[in-house]
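Trainee: Please take a single part of this model and go through it closely, together with whatever packs around it.

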Amino acid sequence: MTDYAQEQEMEIEALQAILMDEFSEIESSESGLATTNRCFRIVLSPQDDDIDEANYTPVQLALMFSHTESYPDEPPLLNVKSVRGIKPEDLKILKEKLEEEASENLGMAMVYTLVTSAKEWLAEKYGHAAEEEELEEADTLKDEIIVPHGEPVTVETFLAWRERFEAELALERAKLMPESALSAPKEKKLTGRQWFESGRAQGKGSAVVTERSEDEEEEDFDFDDDFEDDEDDMLEHYLAERSNDPSEGSKK
């Protein structure tokens, strides 16, 4: 004949040694179980052992149980309560799960098996709640950040910019030339390059313009030829200018 009382006592001693502070004996009135037999409570949480509990507030579950007269040949009485953060509907699901597992483990000490199952359920249901919340907050912040996108560079936009750039450059050069050079007859008019090379940009007034030699005429500054040779440099300048323009960054 099976000595149920001895088996039950041995299981209680084993649970005390394994679970330590998580295991305690309580009054039957605290357990919510319809029995006058000894009742016990095991407090469970889903966090790992290496988590700093001082900086982490986990959900907690209280698993109450009491041995029946013929335990383990019949299931123990079970009840679950939320210590912190567990929804009532989840408690109902867990209790049904534990009762089903108890029926599958008849004939052997099963409380620690039920404890392990409850901890796994907690870890799956609530263990990553804090991490998922942080990820959701990060995703929300990411969605709120507006990444500026400039208008794509095409041949047409580059040529249009180049035309404006050449016109602005020509205007700036014209502003630096004396009015006498601009109004001189065509055969006597200085080119921008001649005017700069002659040193007159630093002098005052104007001097008599000498006739240009054929070599000098061949060295006349030609905007089109120079910009065609340096088109790659202009493209780099254009891209740099666009990247530094705040108004371009706001366009989508």
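Mentor: Strands here are DSSP runs of E of at least two residues, helices are runs of H or I of at least four, and both are numbered from the N terminus. The model is predicted, so local features need pLDDT of at least 70 and side-chain atom pairs count only at pLDDT 80 or more, while totals for chains, interfaces and linings use all residues. Residues are numbered from 1 along each chain as its sequence is written, and side-chain values use heavy atoms, with hydrogens and water left out.

The part to look at is β3. β2 and β3 run antiparallel and are joined by 5 bridges. β3 (residues 60-66) also runs antiparallel to β4, with 7 bridges between them. Two strands count as paired if DSSP finds at least two bridges between them. On the β4 side, Leu 63 has Val 80 as its bridge partner, and Phe 65 stands opposite Leu 78.

α1 packs on the sheet and touches β1, β2 (39-44) and β3, its direction making about 130° with that of β1. α4 packs on the sheet too, touching β2, β3 and β4, and its direction makes about 30° with that of β2. Contact means heavy atoms within 4.5 Å. Angles run from 0 to 180 degrees between N-to-C directions, and axes are lines fitted to C-alpha atoms, for helices over the stretch in contact.

The sheet as a whole is open, with 4 strands in the order β1-β2-β3-β4 and antiparallel pairing. Its edge strands, β1 (23-26) and β4 (77-84), each pair on one side only. From one strand to the next, the twist averages 25°.

Now the burial of β3. 7 of its 7 residues are buried, so β3 is largely enclosed by the rest of the structure. Buried means under 20% relative accessible area, exposed over 50%, and partly exposed in between, with a 1.4 Å probe and protein chains only. Gln 60, Ala 62, Met 64 and Ser 66 point one way from the strand, Leu 61, Leu 63 and Phe 65 point the other way, and all are buried. For the protein as a whole, 27% of the 252 residues count as buried.

Next, the helices around the strand. In α4, the buried residues are Val 111, Leu 114, Val 115, Ser 117, Ala 118, Trp 121, Leu 122 and Tyr 126. They lie on the same side of α4, because they cover an arc of only 165° around the axis. The arc is that of the directions from the helix axis to the C-beta atoms. Glu 120 and Glu 124 are exposed on the other side of α4. The length of α4 agrees with expectation: its 16 residues should span 22 Å at 1.5 Å a residue, and its end C-alpha atoms are 22 Å apart. The expected span is 1.5 Å times one less than the number of residues.

α4 (residues 111-126) also packs with α1 (residues 4-19), at an angle of about 35° and with the axes 10 Å apart. Glu 11, Leu 15, Ile 18 and Leu 19 of α1 make this contact with Val 111, Tyr 112 and Val 115 of α4. By class, the contact has 6 nonpolar, no polar and 1 charged residues. Nonpolar covers Ala, Val, Leu, Ile, Met, Phe, Trp, Tyr, Cys and Pro, charged covers Asp, Glu, Lys and Arg, and the others, Gly among them, are polar.

In α3, Asp 90, Leu 91, Leu 94, Leu 98, Glu 101 and Ala 102 are buried. Seen down the axis, these residues fall within an arc of 105°, so they line one face of α3. Pro 88, Lys 92, Glu 100 and Glu 104 are exposed on the other side of the helix.

One backbone detail remains beside the strand. Pro 72 lies in the loop between β3 and β4, and the peptide bond from Tyr 71 to Pro 72 is cis, with omega near 15°.
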